[in-house]
Amino acid sequence: MSNESKTVLVTGASRGIGKEVALKFAKKRYNVVINYVMENTDVKTLEQELLNAGANAVLLEKADVTDAEQMEKFVKTAIEKFGAIDVLVNNAGITRDNLLMRMSEEDFDKVINVNLKGTYIVTKIVTKYMIKKRKGAIVSLASVVGVAGNAGQCNYSASKAGIIGFTKSIAKELASRNIRANAVAPGFIETNMTENLPDSVKENIHKQIPLNRMGTAKEVAELIYFLGEDTSSYITGQVINVDGGMIM
Ligand code: NAP
């Protein structure tokens with residue numbers, strides 16, 4: 001195993017956009033560090049898929065982004081193994097949709113806790129190592145609903161708007177240490193998060209998208225890879241939509 005490969009940490013990468021991001025970095029021979037929370041995750045198959053895609057090495061563990069102690073241990077293991085984390089992708093996220101009048105405090109807190117506080121917890125831990133190296137790129141998953149809002153998603157859109165403010169603030173704080181922070185705001189992307197929507201809702205969604213279709217996780221992964229690499233070295237504090245033209 002060579003230590004010359006760069007290392008990416010993608011949170012919540014057992015499926016969906018996170019997995020596609022991990023595969024994209026794997027193809028570029030990165031050391032790929034990922035976590036997940038579900039007990040029944042097929043870790044062996046996932047690890048093999050990443051190695052087959054070209055990953056230099058893989059570190060894959062069950063660790064919850066809302067648990068600072070677990071994440072601290074997980075990141076420390078990655079640093080001991082690979083020496084640094086060059087790119088952090090804050091991807092782990094959940095939805096618990098409901099109209100405001102029916103939104104329970106529990107569902108509100110849960111979504112803020114995983115999406116927003118989880119992003120803060122992991123970023124703080126990883127940034128400590130990036131500062132020592134005076135180099136790093138952080139890409140966090142926002143959403144178009146964090147910019148434009150969405151009926152039935154007040155908790156989720158608040159968490160994503162929070163990620164946008166968080167990203168702009170840390171971009172300002174960390175620029176002098178040569179660490180960039182950007183957010184990616186996907187529109188509707190085909191993943192587990194969107195597959196259970198009824199056909200009528202999907203048709204309605206297509207009507208709002210100039211490109212007239214949902215996006216793929218691969219299309220989001222391409223942008224995230226670009227923002228993680230030095231080819232985007234003059235871009236920081238930005239929110240970039242990948243949404244088929246939904247928000248202009
Ligand atoms: P997904 O298919 O539901 O996958 C979510 C991932 O997050 C899974 O790997 C899951 O792990 C992990 N996760 C959930 N809670 C976690 C926790 N507490 N700690 C660690 N990992 C956790 O979601 P997705 O559609 O790929 O979405 C990925 C990101 O993009 C999210 O931040 C989402 O808000 C954002 N996004 C998605 C869309 C879309 O249309 N799909 C649009 C805009 C933004 P397990 O498998 O173990 O549960």
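In the predicted model, Leu223 counts as buried, at 16% relative accessibility. This residue lies in helix 9, which spans residues 217-228. When residues up to four places away in sequence are not counted, Leu223 touches Val184, Ile240 and Val242. The C-alpha atoms of Leu223 and Ile240 are separated by 8.6 Å, with the two residues 17 apart along the chain.

The strands form an open sheet of 7 strands with parallel pairing, in the order 3-2-1-4-5-6-7. Strand 3 (57-62) and strand 7 (239-242) are the edge strands, each pairing on one side only. From one strand to the next, the twist averages 15°. Within the sheet, strand 1 (residues 7-10) pairs with strand 4 (residues 87-90) in the parallel sense, over 3 bridges. Val10 stands opposite Val89 of strand 4. Helix 4 (residues 105-133) packs on the sheet, where strand 1, strand 4, strand 5 (136-141) and strand 6 are touched by this helix. The direction of helix 4 makes about 175° with that of strand 4.

Thr191 is placed in the loop between strand 6 (179-186) and helix 7 (192-195). The relative accessible area of Thr191 is 16%, and the residue is therefore classed as buried, the cut-off being under 20%. Leaving aside neighbours within four places in sequence, Thr191 is in contact with Gly16 and Ile17.

How values were computed
Residues are numbered from 1 along each chain as its sequence is written. This is a predicted model: local features need pLDDT of at least 70, side-chain atom pairs count only at pLDDT 80 or more; totals for chains, interfaces and linings use all residues. Side-chain values use heavy atoms; hydrogens and water are left out. Helices (H or I, at least four residues) and strands (E, at least two) are DSSP runs, numbered from the N terminus. Buried means under 20% relative accessible area, exposed over 50%, partly exposed in between (1.4 Å probe, protein chains only). Contact means heavy atoms within 4.5 Å. Two strands pair if DSSP finds at least two bridges between them. Axes are lines fitted to C-alpha atoms, for helices over the stretch in contact, and angles run from 0 to 180 degrees between N-to-C directions.
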